[in-house]
Amino acid sequence: VNLGWRMHIEAVGGTVLADTAALHLALSTPERCRMASWLSHMHFPEECDIAPGQGARLKDGLIRLPDVPGIGVVPDEARLGPPAAVYTATLPPVQGLRVSE
């Protein structure tokens with residue numbers, strides 16, 4: 001932005017969550033630096049939509065962002081399916097740190 005470069009601001013994750021986050025970023029970028037943004041999730045079938053009716057949507061030829069607090073997308077966990085992987089970590093104790101109960 002400081003250099004004045006114009007850029008595409010997009011997400012290629014293919015979900016309404018990724019698209020909506022990218023569009024929030026685009027709108028926080030000075031207009032002089034924006035070239036284009038678009039919705040990737042529209043290229044997938046409806047059954048792949050993890051948050052039907054939420055987030056950035058195309059309406060009357062324009063992308064509309066939700067007028068709600070936060071990013072405006074709460075994924076439907078039933079549509080996400082099981083996790084591909086689950087990771088856990090055990091952190092070593094921090095010396096000198098006392099935890100009170």
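**From the surface to the pocket**

Met 42 is partly exposed, because its relative accessible area is 43%, where buried means under 20%, exposed over 50% and partly exposed in between, with a 1.4 Å probe and protein chains only. This is a predicted model, in which local features need pLDDT of at least 70 and side-chain atom pairs count only at pLDDT 80 or more, while totals for chains, interfaces and linings use all residues. Residues are numbered from 1 along each chain as its sequence is written, and side-chain values use heavy atoms, with hydrogens and water left out.

Met 42 sits in the loop between β2 and β3, strands being DSSP runs of E with at least two residues and helices runs of H or I with at least four, numbered from the N terminus. Together with Leu 58 and Ile 63, Met 42 makes a nonpolar surface patch of about 250 Å²; patch residues have over 30% relative accessible area and no salt bridge, and nonpolar side chains (Val, Leu, Ile, Met, Phe, Trp, Tyr) are joined within 5 Å, with areas from the Shrake-Rupley method and a 1.4 Å probe. Between the C-alpha atoms of Met 42 and Val 86 there are 29 Å in space, and the two residues are 44 apart in sequence.

Ile 63 also belongs to the lining of the largest pocket, which includes Leu 23, Arg 34 and Ser 37. A pocket is an open set of points on a 1 Å grid where a 1.4 Å probe fits, with protein on both sides within 12 Å along at least five of seven lines, and lining residues have an atom within 4 Å of a point. The volume of the largest pocket is about 180 Å³, taken as the space filled by probe spheres set on the points. Both α1 (16-27) and β2 (34-36) supply at least two residues of this lining, which divides into eight nonpolar residues, one polar and one charged.

Asp 60, in the loop between β3 and β4 (62-64), has a positive phi of about 55 degrees although it is not a glycine, and Asp 60 counts as exposed because its relative accessibility is 68%.

The structure holds two salt bridges, each a side-chain nitrogen of Lys or Arg within 4 Å of a carboxyl oxygen of Asp or Glu. In one, the closest N and O atoms of Arg 57 and Asp 49 are 2.9 Å apart; Asp 49 is buried at 15%, whereas Arg 57 is partly exposed at 23%. In the other, Asp 76 pairs with Arg 79 at 3.9 Å between the closest N and O atoms.

Methods. Nonpolar A, V, L, I, M, F, W, Y, C, P; charged D, E, K, R; others polar. Patch = residues over 30% accessible without salt bridge, like charges linked within 9 Å, V, L, I, M, F, W, Y side chains within 5 Å.
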